[in-house]
Every structure is written in C-alpha cells, then in structure tokens.
Amino acid sequence: MSIAEPAPKKGPVLLHPRPPALPAGEWPLVVSLARYLSQSEVHTYAFSVAANAILSLFPFIVMMFTVAQRIFHSTAMTDVIGDMLRYFLPSNQDFVVRNMSLLVHPRGGVEVTSVVMLLISSSGVFLPLEVALNRVWGVDRHRSYLMNQLISLGLALAVGILALFSIALTAAQTRVLSILFFGHTQNMVFGFFEHVFLRISAAFLSVSLFFVIYWILPNRRLPVRAVVPAAITVGLLWEIAKIVYVAVLPWLDLRSVYGPFAVSVGLMIWAFLTGLLMLAGAHYSATRYTLRLAHQADIETAAEKPEAKKE
C-alpha cells in the first residue's frame, strides 16, 4: 500500500504517487491487512527480525545491567531491570535474569563483547524492518549501507536511552512509594502499587519503541499523526498478546521437543509474533492514512465542481 501524497523532488521516490481511492470504513482495512499478512515475504521479514532480535536481546540485557551497576551504582535500577525482564519475557524469566546478571563483573571483557555484538545484530534487526516499512509506505529507494548502519546505531542508542529512562523513572517511583509507606514495603498494598507503576512504565516504553521505529525507519518523512495511533494501538495489543502467549505457552510443551533449548525457542516464537504484529501495525497505519488522504481529495474535488460550473 502506498501513500497518496506526491513524492518530493528530492529524496525517496514513491512506487505509486496517487493510488486509487479506497472505500471508506474499517472493513477494507481488515481485508488489506489480512492479504498483507498472508504474503510470504512478510513472514520472511518477521523471521529475520526475530533471529537478530534474539542475538541482540542478551547483549542488551548485559549492557543494561552494566550501566545500572557500574555507572549509576544503583541497586534500585538493577532490581527494576530484573522486574522489567520478568514482565517482558514470556517464560523462564528468573533463569534469564539470574544468568545475565552473573555476566556483569569488573573484568569488563564480556561487556565489550556485548556492545560489539549489539552493534552488529542491531543492524540485522533494523535492516529488514526498513525494507519492510519502505514497501508498506511505498518507498522505492532504500538507504545506503553506511546510512543504514548509522540509523541502526542511532536507533539502538535511542532504545537504550528509552529503556534507561523508563528504568530510572520506575526506580524513582518505587523509592517515593517506599517513603510514602514509611519503609513498610512487605505488604499487598505496596506490591499492588509497585506493580501498577511497573506496568505503566512498561507500556510507555513499548509505545515509545514502536513510535521510534515507525517514525524513523521508513526512508521518507512521515507526519507524526500518521504513526502515533499505530504505535499506541500496537503497544497495547502487544501487551495483550504477551498475556495470551504466556497462557498458551505451557500447552505447546516446547521442553518435550527441544529440551534445554526450549527457552530460546520460546523467545524466538515470541519475537516472530512481535515482528508480525509490528509489520501489521505499520501496514494498518499506512492504509488508514491513505484512506484519509483519499477522502480529503474527494472532498476537495467535490468542492471544486460547483465552482467550475459557476465559471
């Protein structure tokens, strides 16, 4: 689906500058989305994103623990990182948190390797996403290899900054909450409010990540209003999908098939579903924006016809 706006003289070229107007309503959006998700190349993009996301995940976790422990020297931030991992990961949360935190030590070799692997694998995440989002928005010209590497590096840094901001905010909220409870943190009321604050911070982080990806990755300028609704919708649907996936995961019984590798397989499946959801949100956003532009064009055309008759 391409955009109904004409392409600028300089910059990316649209495949179809003026697509035919689509009928109004939500049903065409659903049909178009179903057709899009049934394409084999969409699943190829999602699998590529999932594989590189797994490669990026563990170095990213090590980097977060390193920043919290060795730069900020904050036990509260370290605890929040563990809580967020337990919240975001679909299974074996304690296993992942315990082993990732053990990798952070004064020697520093693991941290350097984690940063290098994160930089390499992040480009593998964002490159197929850029290609997929360019096709969604009708962009024919992709970025150069060097520019793509710079964009991937910038997005990796943006994701890290957003994660650190969310973690620091949650740690501050927990600290204020403990003061309000006069240090009596071992009770159900405190645990309830702490969990609520964690969910709010996690939802903010999810929506922010989807917005950054939707807005920056396509190789053309997009209006904020075209991607904000998709980022909010996909962020909230992602939270719901995670709850459903966690409920269904025991029925899959991956351990009986993959043994000790069930953890990685479970994460891979969840990353693949996340990639599909992300691409679906981008396609829905582009289609909806095209419908809006087509509707505005119809209104302008209808308004011009009476004036032409008068002349």
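**Aromatic pairs and annotated segments in a predicted model**

Phe272 is buried in this predicted model, at a relative accessible area of 13%.

**View 1. Stacked pair of Phe47 and Phe272.** Searching the whole structure gives eight aromatic pairs. One of them joins Phe47 and Phe272, which are stacked with 4.2 Å from centre to centre and 20° between the planes. Phe47 belongs to helix α2 (residues 40-71) and Phe272 to helix α10 (residues 262-310), so the pair links distant parts of the chain, 225 residues apart. Phe47 is partly exposed because its relative accessibility, 47%, falls between the 20% and 50% limits. Phe272, at 13%, is under the 20% limit and therefore counts as buried.

**View 2. Tilted pair of Trp238 and Trp270.** The rings of Trp238 and Trp270 form a tilted aromatic pair, 5.5 Å centre to centre with 35° between the planes. Trp238 is in helix α8 (residues 224-252) and Trp270 is in helix α10, so this contact ties together parts 32 residues apart in sequence. Both tryptophans, Trp238 and Trp270, are buried.

**View 3. Aromatic cluster around the tryptophan pair.** Trp238 and Trp270 belong to one aromatic cluster together with Phe88 and Tyr245.

View 4. The unreviewed UniProt entry lists residues 150-172 and 196-217 among its transmembrane regions. Residues 150-172 are 100% helix and 0% strand, with 33 Å between the end C-alpha atoms. Residues 196-217 are 95% helix and 0% strand, and their end C-alpha atoms lie 31 Å apart. Other segments with this annotation in the entry include residues 45-64 and 229-252.

Methods:
Residues numbered from 1 in each chain as written. Predicted model: local features only at pLDDT ≥ 70, side-chain atom pairs only at ≥ 80, totals over all residues. Heavy atoms only, no water. UniProt positions renumbered as here; feature names shortened; annotations may be inferred. Helix = DSSP H or I, 4+ residues; strand = E, 2+ residues; numbered from the N terminus. Phe/Tyr/Trp six-rings, centres within 6.5 Å; stacked < 30°, edge-to-face > 60°. Buried < 20%, exposed > 50% of the residue type's maximum accessible area, 1.4 Å probe, protein only.
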